[in-house]
Amino acid sequence: MSASPETSFRLAPLLRWLGITLVLLLALQIGVVLSAADWSDGVFQQLVIERLVNQTPMGFIGLLLMLIGSRLDHPQQIRTPIRWVVCVISAVLAVVMITVIPLGISGNNSLSGQVDQGIQQRRSQLENARKQYADNPEMLLGLGEQLAQSGQLPADATEEDKIQAAQNFIDNQFSKENQQIEQAERQRDFTVNQRLFGGTISAAVLAVALVLLALGAVL
């Protein structure tokens, strides 16, 4: 059942002002972010991009409400002033989203490279320490002596017992360190995927939607 002309007449201003409110809120949010943006800092750059992508859907809904309100208010007119406003703002936001895509990709690769470098450095240190103990039985014996002095071994423990206890202790420490490295790798993968799908791909989808909205406003 279609809405009556009186209902559409009352509904159109409400939709229009709701849309304008959402667009103004988006402008305030973007203004605050851009005023504090430090584009030389890769981490802050990614935070700005995420904020832009997360807030833009609110503006998209606002523009859509403005367009629907205009069509209800002036169903016979194709290009009213408010439709041109919707078209222009949608086009500007689409350009912003398109600009964000390469910035997000480059920033994501840069941050991922830094994390990879840190993980690789920790793995190298772990392997060097493992090799150092494997090639130097005296270090194992010295560690076994420390374990005996701390009461972790019986007083009558032999050198073989001390070496074996030291080896078990080192293996346990290396296992914990390796688990921490694997956890850091999982966290890196999660962060990369989150920025890819929540940032870059979302920006591309929003850019397409905003272009279609801009065209739909004046066609």
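This is a predicted model: local features need pLDDT of at least 70, side-chain atom pairs count only at pLDDT 80 or more; totals for chains, interfaces and linings use all residues.
Reader: At what angle do helix 4 and helix 5 pack?
Author: Helix 4 covers residues 137-149, and helix 5 covers residues 159-218. Their axes lie 7 Å apart. The angle between helix 4 and helix 5 is about 95 degrees.

Reader: Are helix 4 and helix 5 roughly parallel or roughly perpendicular to each other?
Author: Angles of 65 to 115 degrees count as roughly perpendicular. The two helices pack at about 95 degrees. Helix 4 and helix 5 are therefore roughly perpendicular.

Reader: Which residues of helix 4 make the contact with helix 5?
Author: On the side of helix 5, the contact uses Glu159, Lys162, Ile163, Ala165, Ala166, Gln167, Phe169 and Ile170. By class, the contact has ten nonpolar, two polar and three charged residues. From helix 4 come Leu140, Leu141, Leu143, Gly144, Glu145, Leu147 and Ala148.

Reader: Which helix gives the most to the lining of the largest pocket?
Author: The largest pocket has a volume of about 200 Å³. Helix 1 (5-35) and helix 3 each supply at least two lining residues. With six residues, the most comes from helix 3.

Reader: How many residues of the lining of the largest pocket are charged?
Author: The lining has 13 residues. Ile30, Leu34, Leu52, Leu93 and Val96 lie nearest the pocket centre. By class, the lining has twelve nonpolar residues and one polar residue. The number of charged residues is none.

Reader: Is Thr80 buried or exposed?
Author: Thr80 sits in the loop between helix 2 (42-73) and helix 3 (81-134). Beyond four places away in sequence, Thr80 touches Ser70 and His74. The cut-off for buried is under 20% relative accessible area. At 2%, Thr80 is therefore buried.

Reader: What is the relative accessible area of Leu206?
Author: Leu206 belongs to helix 5. Buried means under 20%. Leu206 is buried, with a relative accessible area of 11%.

Reader: Which residues does Leu206 touch, not counting those up to four places away in sequence?
Author: Contact means heavy atoms within 4.5 Å. Leaving out residues up to four places away in sequence, Leu206 touches Val53, Thr56, Pro57 and Met97.

Reader: How far apart in space are Leu206 and Leu93, C-alpha to C-alpha?
Author: Leu93 is one of the residues nearest the centre of the largest pocket. In sequence, Leu206 and Leu93 are 113 residues apart. In space, their C-alpha to C-alpha distance is 8.8 Å.

Methods
Residues are numbered from 1 along each chain as its sequence is written. Side-chain values use heavy atoms; hydrogens and water are left out. Axes are lines fitted to C-alpha atoms, for helices over the stretch in contact, and angles run from 0 to 180 degrees between N-to-C directions. Helices (H or I, at least four residues) and strands (E, at least two) are DSSP runs, numbered from the N terminus. Angles under 35 degrees count as roughly parallel, over 145 as roughly antiparallel, 65 to 115 as roughly perpendicular and the rest as oblique. Ala, Val, Leu, Ile, Met, Phe, Trp, Tyr, Cys and Pro count as nonpolar, Asp, Glu, Lys and Arg as charged, and the others, Gly among them, as polar. Buried means under 20% relative accessible area, exposed over 50%, partly exposed in between (1.4 Å probe, protein chains only). On a 1 Å grid over the protein atoms alone, a cavity is a set of points where a 1.4 Å probe fits but cannot get out, and a pocket is an open set with protein on both sides within 12 Å along at least five of seven lines; lining residues have an atom within 4 Å of a point. Grid points are joined across faces, edges and corners, and a volume is the space filled by probe spheres set on the points.
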